[in-house]
Amino acid sequence: MTDSEKPLIWVSKHFRVDEMRCNDGTPVPQRYFKNAIDLLSELEFVRKIWRRPVTILSGYRTPAYNKKIGGAPKSFHLRAMASDIVVAGVPASEVQEAVEEGILRGHFFFG
(Lines give C-alpha, C1' and ligand atoms only; values in the text may rest on other atoms or scores of the structure.)
Protein backbone atom coordinates (compact mmCIF):
# COMPACT_ATOMS: atom_id res chain seq x y z
CA MET A 1 0.00 0.00 0.00
CA THR A 2 1.47 3.36 -1.00
CA ASP A 3 1.27 6.45 1.22
CA SER A 4 -1.45 7.89 -0.99
CA GLU A 5 -3.53 4.73 -0.47
CA LYS A 6 -3.21 4.69 3.33
CA PRO A 7 -6.23 5.93 5.24
CA LEU A 8 -5.89 9.34 6.85
CA ILE A 9 -5.82 9.18 10.63
CA TRP A 10 -7.56 12.20 12.13
CA VAL A 11 -6.49 13.01 15.69
CA SER A 12 -8.91 15.90 16.09
CA LYS A 13 -11.34 17.96 14.06
CA HIS A 14 -8.50 19.79 12.26
CA PHE A 15 -5.34 17.66 12.48
CA ARG A 16 -4.14 14.35 11.02
CA VAL A 17 -1.14 12.30 12.15
CA ASP A 18 0.50 12.57 8.71
CA GLU A 19 0.86 16.34 9.26
CA MET A 20 3.58 15.50 11.80
CA ARG A 21 5.73 13.51 9.33
CA CYS A 22 9.29 14.70 8.81
CA ASN A 23 9.80 17.20 6.02
CA ASP A 24 11.92 14.53 4.29
CA GLY A 25 8.75 12.41 4.03
CA THR A 26 9.48 9.97 6.87
CA PRO A 27 6.35 9.16 8.89
CA VAL A 28 6.37 9.40 12.66
CA PRO A 29 7.82 6.13 14.03
CA GLN A 30 5.38 3.96 15.94
CA ARG A 31 7.31 4.48 19.19
CA TYR A 32 6.59 8.25 18.99
CA PHE A 33 3.02 7.97 17.74
CA LYS A 34 1.47 8.80 21.14
CA ASN A 35 3.68 11.91 21.41
CA ALA A 36 2.43 13.08 18.01
CA ILE A 37 -1.20 12.47 18.96
CA ASP A 38 -0.80 14.34 22.25
CA LEU A 39 0.90 17.26 20.52
CA LEU A 40 -1.76 17.47 17.83
CA SER A 41 -4.41 17.53 20.53
CA GLU A 42 -2.66 20.52 22.07
CA LEU A 43 -2.48 22.20 18.66
CA GLU A 44 -6.24 21.81 18.43
CA PHE A 45 -6.42 23.86 21.64
CA VAL A 46 -4.12 26.50 20.09
CA ARG A 47 -6.45 26.65 17.10
CA LYS A 48 -9.42 27.06 19.42
CA ILE A 49 -7.76 30.00 21.22
CA TRP A 50 -7.42 32.08 18.06
CA ARG A 51 -10.22 30.52 16.01
CA ARG A 52 -7.87 30.49 13.04
CA PRO A 53 -6.14 27.78 11.00
CA VAL A 54 -2.86 26.41 12.34
CA THR A 55 -0.27 25.19 9.85
CA ILE A 56 2.45 22.77 10.94
CA LEU A 57 5.74 23.74 9.29
CA SER A 58 7.85 21.10 11.01
CA GLY A 59 6.82 18.24 13.28
CA TYR A 60 8.75 15.01 13.75
CA ARG A 61 12.33 15.07 12.47
CA THR A 62 14.61 12.13 11.73
CA PRO A 63 18.07 12.48 13.27
CA ALA A 64 19.57 12.92 9.78
CA TYR A 65 17.10 15.63 8.78
CA ASN A 66 17.48 17.39 12.13
CA LYS A 67 21.26 17.47 11.70
CA LYS A 68 20.93 18.63 8.07
CA ILE A 69 18.90 21.70 9.09
CA GLY A 70 21.06 22.49 12.14
CA GLY A 71 18.48 21.43 14.74
CA ALA A 72 19.45 21.00 18.37
CA PRO A 73 21.00 17.56 19.02
CA LYS A 74 18.36 16.77 21.67
CA SER A 75 15.47 18.54 19.93
CA PHE A 76 11.98 17.50 21.00
CA HIS A 77 11.23 17.23 17.27
CA LEU A 78 13.25 13.98 17.31
CA ARG A 79 10.53 12.40 19.47
CA ALA A 80 7.51 14.12 17.87
CA MET A 81 7.12 16.31 20.94
CA ALA A 82 7.52 19.69 19.20
CA SER A 83 6.25 21.47 16.15
CA ASP A 84 6.91 24.73 14.40
CA ILE A 85 3.60 26.31 13.55
CA VAL A 86 1.96 29.34 11.99
CA VAL A 87 -1.39 30.62 13.18
CA ALA A 88 -3.05 32.45 10.28
CA GLY A 89 -2.91 36.20 10.82
CA VAL A 90 -1.23 36.04 14.24
CA PRO A 91 2.36 37.26 14.71
CA ALA A 92 4.78 34.45 15.60
CA SER A 93 5.91 36.33 18.72
CA GLU A 94 2.33 36.43 20.01
CA VAL A 95 1.87 32.70 19.41
CA GLN A 96 5.17 31.89 21.12
CA GLU A 97 4.30 34.04 24.13
CA ALA A 98 0.86 32.46 24.50
CA VAL A 99 2.20 28.91 24.21
CA GLU A 100 5.01 29.58 26.69
CA GLU A 101 2.48 31.03 29.14
CA GLY A 102 0.25 28.00 28.54
CA ILE A 103 3.15 25.69 29.38
CA LEU A 104 3.82 27.60 32.62
CA ARG A 105 0.14 27.36 33.57
CA GLY A 106 -0.01 23.64 32.81
CA HIS A 107 -2.24 23.93 29.73
CA PHE A 108 0.42 22.55 27.40
CA PHE A 109 2.96 19.82 28.01
CA PHE A 110 4.81 19.89 24.72
CA GLY A 111 6.78 22.66 23.08
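The exercises below concern the fold and the salt bridges of a predicted model.

Local features require pLDDT of at least 70 and side-chain atom pairs count only at pLDDT 80 or more, while totals for chains, interfaces and linings use all residues. Residues are numbered from 1 along each chain as its sequence is written, and side-chain values use heavy atoms, with hydrogens and water left out.

**Exercise 1.** Describe the salt bridge between Asp-38 and Lys-34, including where the two residues lie.

*Solution.* A salt bridge places a side-chain nitrogen of Lys or Arg within 4 Å of a carboxyl oxygen of Asp or Glu; here the closest N and O atoms are 2.7 Å apart.

**Exercise 2.** Determine whether Arg-61 is buried or exposed, and which parts of the chain its pairing with Asp-84 links.

*Solution.* The side chains of Arg-61 and Asp-84 meet in a salt bridge at 3.1 Å, N to O. This pair links distant parts of the chain, 23 residues apart, with Arg-61 in the loop between strand S1 (54-58) and helix H2 (63-68) and Asp-84 in strand S2 (residues 84-87). Finally, apply the accessibility classes (buried under 20% relative accessible area, exposed over 50%, partly exposed in between; 1.4 Å probe, protein chains only): Arg-61, at 9%, counts as buried, whereas Asp-84, at 32%, is partly exposed.

Technical notes:
Helix = DSSP H or I, 4+ residues; strand = E, 2+ residues; numbered from the N terminus.
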